Amino acid sequence: MFIKWGILLMLMSLMSFYSFFLSVSQKNLMIIEYFFSSLMNIDFKLYFLLDWISNLFIAIVLLISSLVIFYSDSYMGSDPNKYMFCWVVLLFVLSMILLILMPNMFMIILGWDGLGLVSYCLVIFYQSVKSYNSGMMTIISNRVGDVMMIMALIFFFNFGTFDILSNSNLEKICGIFLIVAGMTKSAQIPFSAWLPAAMAAPTPVSSLVHSSTLVTAGVYILIRFNYLFKMNEYSGLLLKVSLMTLVMAGISAFVEVDLKKIIAFSTLSQLSMMMISLSMGMTEIAFFHLIMHAIFKSMLFLSAGLMIHSLKGIQDVRMLSNFFSCSPLIISCMMISMLSLMGFPFIGGFYSKDLIVEFFFFKSKNLISSLMFIIGLFFTFLYCMRMVYLIGLKGIYSLNFFKMHFDKKMSFPIYILTMFLLIFGNFLFWLILLEYKIMFISKMSKLFSLFLLALMLYFSIFVFMIKKPKIFFPWSKFDFFYTMWNMSNLTSLFFLKKTSFFLQISMYDWKWMEMMGPIGLKKNFSNHSLISYWLNSQNMSNILLLTIIMMVTLI
């Protein structure tokens, strides 16, 4: 079953690549439309937009999905529910494709809600207490974005159309709804805690979720709404939040010891890079980095999953030392993906990340923003070199007592993605970013990213390989850095302690209005006192309700 579906998805990916080449060469797009009905001069229709962005993104999603399914045939081979796992992964891919193809707010809810629901089913797949708590945190955090999308849908209804591309002038509050929805799916501050919690899912699911599907849905929505960032209010808000997330993710990845969580924090930092480029109006560069990140991050997750699977479930990075002696080829592929993550010259992610760094220093005029961006890049180099040092070079434990059996079904997808990463970056650079080839910037701005890379490589080699400090628990007295700036604790307290309340809100789309409105006010004012008696009386309730309606209307 896994092999058949993997082959089918691979063929569909090749068809999408062919459609992408046609749309780029002929500079056209295709719309397939099916009209349902019309109500109050508003058309309800199902239609698919096939331009070069959607064709390329679908091709990458289908390629990674097919390789993940090939990989899962061996990884989930001994699991009794492996066929159910395959069906849920296919449903997850279908939800993502629906989200990509539909530039219509009425139909995009299908893919958006489908991603949230199916991701919950995948996170709780192992059915342990940890996976249940992680799944609850994931679905309730994403439910905030669902509410924002529903509110934006109501605003589109008032504008007279559900089409994304025809609405170039949105009200400020509608734009805030869309940006908050994108931030929840892409796990920006303050919604960052669910992303490392989703590591409770199986590793093939993590490879799919954290590379090209769930976390990139928010970035893709904001790419489609790129005309929002012509306004300085939205751009400034998104830039500040993204820079904070970049610094937080880099520090958290540097002090983390769980291998899958380190890669999850690196995903968070790269999503912040995409958001930063979006806030500066560089939509095509953000999409280019989105594609390259999907390739090297899925390859990194599959390599990490192969290591964990071969070592009987060990995820502590301190126990995975000297893996180079066990499998030089797999660790070489993993190091290629980490070099691409750092932006090493002429490897996949260099072509997109170098452009983002250059344009940021070209456009940024704020010293604090520039310092935060440099700190984020600094920790990106540090945690990548720390992974290289601990996994591939440092020999604390001998791994010879483990019987290494590398299945070809698990190694084959890693080799395919490695070849794809080495070739595809330069190919896409001259194919879709023609206007960015010649950039009139200063020599210092051009050479700064390469200078920073060389400086961090020298610093990392000096610290990790010459001085050899106690790098496992740096800053042991500062728990603030180990808990994602206390966001994980606050999110757990807010969501998991109030699970029944949020479940009642999330059962129906409009239940939250009653729970946060009249029912919530009545419970809060139910104390036995003179003030609560006056507020709970019929007249005062009507006055209070009218006051709230007037305040919301005036805002």
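A residue is called buried here when its relative accessible area is under 20%. Keep that cut-off in mind, because Ser-23, at 5%, counts as buried by it. What you see is a predicted model, and everything I say refers to that model.

Let me stay with Ser-23 for a moment. Ser-23 sits in helix α1, which covers residues 2-26. A polar atom of the Ser-23 side chain lies 2.8 Å from the backbone oxygen of Phe-20. Which residues does Ser-23 contact once neighbours within four places in sequence are left aside? They are Asn-28, Asp-51, Trp-52 and Asn-55.

Next, helix α2, residues 52-75, where we find Ile-58. Is Ile-58 buried or exposed? Its relative accessible area is 7%, so Ile-58 is buried. Not counting residues up to four places away in sequence, Ile-58 touches Ser-16, Ile-97, Ile-100 and Leu-101. Take Leu-101 from that list: Ile-58 and Leu-101 are 43 residues apart in sequence, and their C-alpha atoms are 8.5 Å apart in space.

The largest one has 158 residues, and the members that touch the most others are Leu-56, Ile-60, Met-105 and Phe-373. Helix α2 gives this core its largest share, 16 residues. There is also a second, separate core of 24 residues, and Met-199, Ile-308, Ile-314 and Val-317 are among them. As background, nonpolar side chains in soluble globular proteins tend to be buried together.

Back to Phe-373. With neighbours within four places in sequence set aside, Phe-373 is in contact with Leu-243, Leu-246, Met-273, Ile-276, Val-357, Phe-360 and Phe-361.

Helix α15, residues 367-393, has 27 residues. From its first C-alpha to its last it reaches 38 Å, close to the 39 Å expected at 1.5 Å a residue. Why do I call α15 largely enclosed by the rest of the structure? Because 19 of its 27 residues are buried.

Helix α16 runs over residues 408-432, which is 25 residues. At 1.5 Å a residue α16 should span 36 Å, and its end C-alpha atoms are 34 Å apart, which agrees. How many degrees does α16 bend at Phe-424? The bend there is about 35 degrees.

Phe-373 is one of the residues with the most contacts to other members of the largest core. And α16 has its bend at Phe-424.

Notes: Residues numbered from 1 in each chain as written. Predicted model: local features only at pLDDT ≥ 70, side-chain atom pairs only at ≥ 80, totals over all residues. Heavy atoms only, no water. Helix = DSSP H or I, 4+ residues; strand = E, 2+ residues; numbered from the N terminus. Buried < 20%, exposed > 50% of the residue type's maximum accessible area, 1.4 Å probe, protein only. Polar contact = N/O pair within 3.5 Å; in protein donor to acceptor, adjacent residues only side chain to side chain. Contact = heavy atoms within 4.5 Å. Expected span 1.5 Å × (residues − 1). Core = buried A, V, L, I, M, F, W, Y, C linked by side-chain atoms within 4.5 Å. Bend = angle between axes of the 7 residues up to and from the residue.
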